Amino acid sequence: MANVTIFGAGYVGVPTGAHFARTHQVTIYDPDTNKVENINKVIDNNADSLHIHEKGLIELLQENHENITATTDIKQALENPEIIFIAVGTPPNEKGRANLKYVCSAAEQIAKNIKNDCVVLNKSTVPPGTAYLVQEIINNNLKSDVKIAVGSCPEFLAEGTAVEDLRTPDRIVYGCDDKDAIEQITEFFLFLHGRSTLAPMTTLSAEVTKYAANALLATKISFMNSLAILCDAVGANIREVQEGVGKDTRVGRKFLNASMGYGGSCFPKDTSAIAEYGQLFNSPLEIIESTILVNNKTTDYFSKKISEAFGGDLVGKNFIIWGIGFKARTDDLRESKPVQVARELMDQGAYVHIYDTVRGALENFENENPSYKGKYSIYHEQYEMVNGNIDGLIIGNEHEKFRNPDVNKLDSMRGKHIFDGKNILNNYLIKSLKSKGFNYKSVGKDTVANPVNKTRLIDFLKHEYMD
Ligand code: UDX
């Protein structure tokens, strides 16, 4: 069992701390009194909600209550840690660059208060080289004669599944240029995971790996999205293409789902950050740059389908959006595609009724969109607003509740339009919707509802492919 301190009680810090507390002694440090008091109440079984929405997190904190505490007291946080994880925010600035001020301030506080040798690992997503900067800040501010080795241990958890991702990771990446520190970190993780999951490396490699992993996943999605647009144009079905391509184990089935684009706090931010970093080092990352372009283009493509279904005039039209979070089961609206689509519709004069299974997502929408007040309503029961005033339904994220809608209830809508932004409705359902006169639009599988125009294709080939 090791003593661990985590800086930052956010989306990464709290689940990570709760997970480490299975076998280690954990202190979470954050200057925010509300957050810290709330975490301690949850740990002591005196509260049942947290400032972050993460399945199984409250139970995990309570299960490991003997091994975990949260504090605003920096001295207590740095009493005797063997490993410190920095998990503070790195919000992008106006240029899209990760803002390192919180990481640097954590480094300074560590240096000024630490009284024992230890390893400092950065979990926040940062431009490669940041661990060296942290090491320099620490060395310049140390008040005691101790040895601090700084490295990187990037996080790969996804929002909504953080607890499960932490429990069963595919890999744990950590990097440090100090051999003793690497051994110490390896020992630490062996208390929690098998050796085969561990990927020790140099500091810089670990920092690059974080961006590389997220950018590659985002690229898989954009790759399929650009093909989805082609599928719509010729009449193929992207879901079938995904299956065919994804069954090759070299490719893998995951993250091939075409959609109106990826959102969230990681893919958009990290792809922009590493693309810009590549430019700054005169090593442009053209594929990642295209990934970003395709992502934006796909959202426009989807929004345009909605407006085209109404002849380009959305004034006075009423829509329902199911799912406003950037994915299912989150209150996080950062770079959320359904939010972007909702704004686009409202900008064009439409009114939107928004539903999400997570109440916090709806509250966040209200808080973050004051200028749209009066152009939308939020509601709390999936079918509450499905009635004769509605012109179209938009599926915003992948929640199971949206996969199998009640066709009879939808039939009461005056406009028979379904826009499936995540391609989640199955063929059987689409056909039954079609039989009731519904117009089904997706990103790359409209052909399920609309027959392929074979004559057009044949004419095209005759015209373009015969010399
Ligand atoms: C992601 C990574 O999965 C995680 O490893 C990393 O640490 C942080 O970034 P997260 O942003 O929480 O996690 O969500 P994720 O489930 O990956 O989804 C991101 C976006 O991509 C969502 O908008 C989702 O709807 C979209 N997506 C995902 C697709 O459009 N198609 C897919 O096949 C998969």
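Helix α9 (residues 203–234) contributes three residues to the shell around the ligand, the most that any element gives; helices here are DSSP runs of H or I with at least four residues, numbered from the N terminus. This is a predicted model, in which local features need pLDDT of at least 70 and side-chain atom pairs count only at pLDDT 80 or more, while totals for chains, interfaces and linings use all residues. Residues are numbered from 1 along each chain as its sequence is written, and side-chain values use heavy atoms, with hydrogens and water left out.

**Ligand shell**
- The shell around the ligand holds 20 residues, of which F156, E159, S259, E398 and K422 come nearest, a residue being near if one of its heavy atoms lies within 4 Å.
- By class, ten of the shell residues are nonpolar, four are polar and six are charged; Asp, Glu, Lys and Arg count as charged, Ala, Val, Leu, Ile, Met, Phe, Trp, Tyr, Cys and Pro as nonpolar, and the others, Gly among them, as polar.

**Polar contacts (N or O pairs within 3.5 Å)**
- An N or O atom in the side chain of K422 is 2.7 Å from an oxygen atom of the ligand, and a polar side-chain atom of K327 lies 3.1 Å from an oxygen atom of the ligand.
- A backbone N or O atom of N257 lies 2.9 Å from a nitrogen atom of the ligand.

**Domains**
- Because domain 1 (3–201) and domain 2 (213–448) both give residues to the shell, the ligand lies between them; the bounds come from an automatic or database domain assignment.
- The C-alpha centres of domain 1 and domain 2 lie 34 Å apart.

Technical notes. Polar contact = N/O pair within 3.5 Å; in protein donor to acceptor, adjacent residues only side chain to side chain. Helix = DSSP H or I, 4+ residues; strand = E, 2+ residues; numbered from the N terminus.
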